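Welcome! Here is a short tour of one structure, taken topic by topic. Have a look at it first, and then read on.

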Amino acid sequence: MAGIGFQLHKLIEDESFLNKAKAYIFASIITSGPWILSIICLALVGALSGIFLQSGKFSIISISIVYTFAFSLILTGAIQFMLTRYLADKEYLKQKNKMLSALISALLITVTLSSIVSIIWYYYIEVSLFYKIIGVILFVVICSIWTMMDFLSCSKNYTGIIVSFFIGSLMSVLASPLLGLYSGIEGAFLGYTVGQVFILSMLLFYIAKEFPYNGILNKEFLTYFFKVPYIY
């Protein structure tokens, strides 16, 4: 995440040990925090769901979530790579007015691709229609969160980002067993998804609040898909 270096550089340069430690802690949480929280969240959901769901039934949810995270990273990898380079360039040139439109463009691509892939995937899975709909929504949401992670590295609101992930993960842990108690695996899957939707909503809120709006499509960002491979 190249962009985060520009924001944390001042803290690292500071001679104070506290500021240096703060910079490295924030960088670690922002880059690895979502993975750590996701693993902890899934483990807690599994432990709590064991109270009202058979182990075989929860394994369906567990597999769905694991595959969602795995394939979402593969699908969004190229987009994240281009977005990281573009945001790093704009951060260096102090052109923050172009960042939000780049994110919107990247999200439009991400949502389109993730929707197509997840619909095709769940079409062949033998689960209820409601479960399939939740699965598609979760896949699109997780893909969008990964795409936004590069953008969040340019944000100065580190506390808000960390709190959003923490509260969203906590919502998943609490809502999954609660809804699962009444609606089985569909309810448990929905409860987990609710927390992830909250995370995405809060991240969008913080970004829209911090960065200026400058249109929906960013043609300059789109050219990076053709230009950046030649640079490297």
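Tyr 67 has a relative accessible area of 40% and so counts as partly exposed, a class between buried (under 20%) and exposed (over 50%), judged with a 1.4 Å probe and protein chains only. This is a predicted model, in which local features need pLDDT of at least 70 and side-chain atom pairs count only at pLDDT 80 or more, while totals for chains, interfaces and linings use all residues. Residues are numbered from 1 along each chain as its sequence is written, and side-chain values use heavy atoms, with hydrogens and water left out.

**Aromatic pairs**

- Rings of Phe, Tyr and Trp (its six-membered ring) pair if their centres lie within 6.5 Å; planes under 30 degrees apart are called stacked, over 60 edge-to-face, and the rest tilted.
- By this rule there are 8 aromatic pairs.
- Tyr 67 and Trp 121 are stacked, because their ring centres are 6.0 Å apart and their planes are at 20 degrees.
- This pair links distant parts of the chain, with Tyr 67 in helix 3 and Trp 121 in helix 4, 54 residues apart; helices here are DSSP runs (H or I) of at least four residues, numbered from the N terminus.
- Trp 121 is partly exposed, at 42% relative accessible area.
- Phe 69 and Trp 146 make an edge-to-face pair, since their ring centres are 6.1 Å apart and their planes are at 75 degrees.
- Phe 69 in helix 3 and Trp 146 in helix 5 are 77 residues apart, and both are buried.

**A nonpolar patch on the surface**

- Tyr 67, Phe 71 and Trp 121 are linked into a cluster by ring pairs.
- These residues also belong to a nonpolar surface patch with Ile 63, Val 66 and Ile 74, with about 620 Å² of accessible area together.
- Such a patch joins nonpolar side chains (Val, Leu, Ile, Met, Phe, Trp, Tyr) within 5 Å, from residues with over 30% relative accessible area and no salt bridge; the areas come from the Shrake-Rupley method with a 1.4 Å probe.
- Helix 3 gives the most to the patch, with 5 residues.

**The nonpolar core**

- The largest nonpolar core has 45 residues, among which Ile 61, Ile 65, Ile 145 and Phe 189 touch the most other members.
- A core of this kind joins buried Ala, Val, Leu, Ile, Met, Phe, Trp, Tyr and Cys residues through side-chain atoms within 4.5 Å.
- Helix 5 provides the largest share of this core, 12 residues.
- Beyond its neighbours within four places in sequence, Ile 145 is in contact (heavy atoms within 4.5 Å) with residues including Phe 165, Ile 199 and Leu 203.
- Leu 203 sits in helix 6 and is buried, at 0% relative accessible area.
- Ser 164 also has its place in helix 6, is buried at 1% relative accessibility, and has Leu 203 and Tyr 206 among its contacts beyond four places in sequence.

**Salt bridges**

- The whole structure holds 2 salt bridges, each meaning a side-chain nitrogen of Lys or Arg within 4 Å of a carboxyl oxygen of Asp or Glu.
- Glu 220 and Lys 98 form a salt bridge with their closest N and O atoms 3.5 Å apart.
- That pair links distant parts of the chain: Glu 220 is in helix 7, and Lys 98 is in the loop between helix 3 and helix 4, 122 residues apart.

Notes: Helix = DSSP H or I, 4+ residues; strand = E, 2+ residues; numbered from the N terminus. Patch = residues over 30% accessible without salt bridge, like charges linked within 9 Å, V, L, I, M, F, W, Y side chains within 5 Å.
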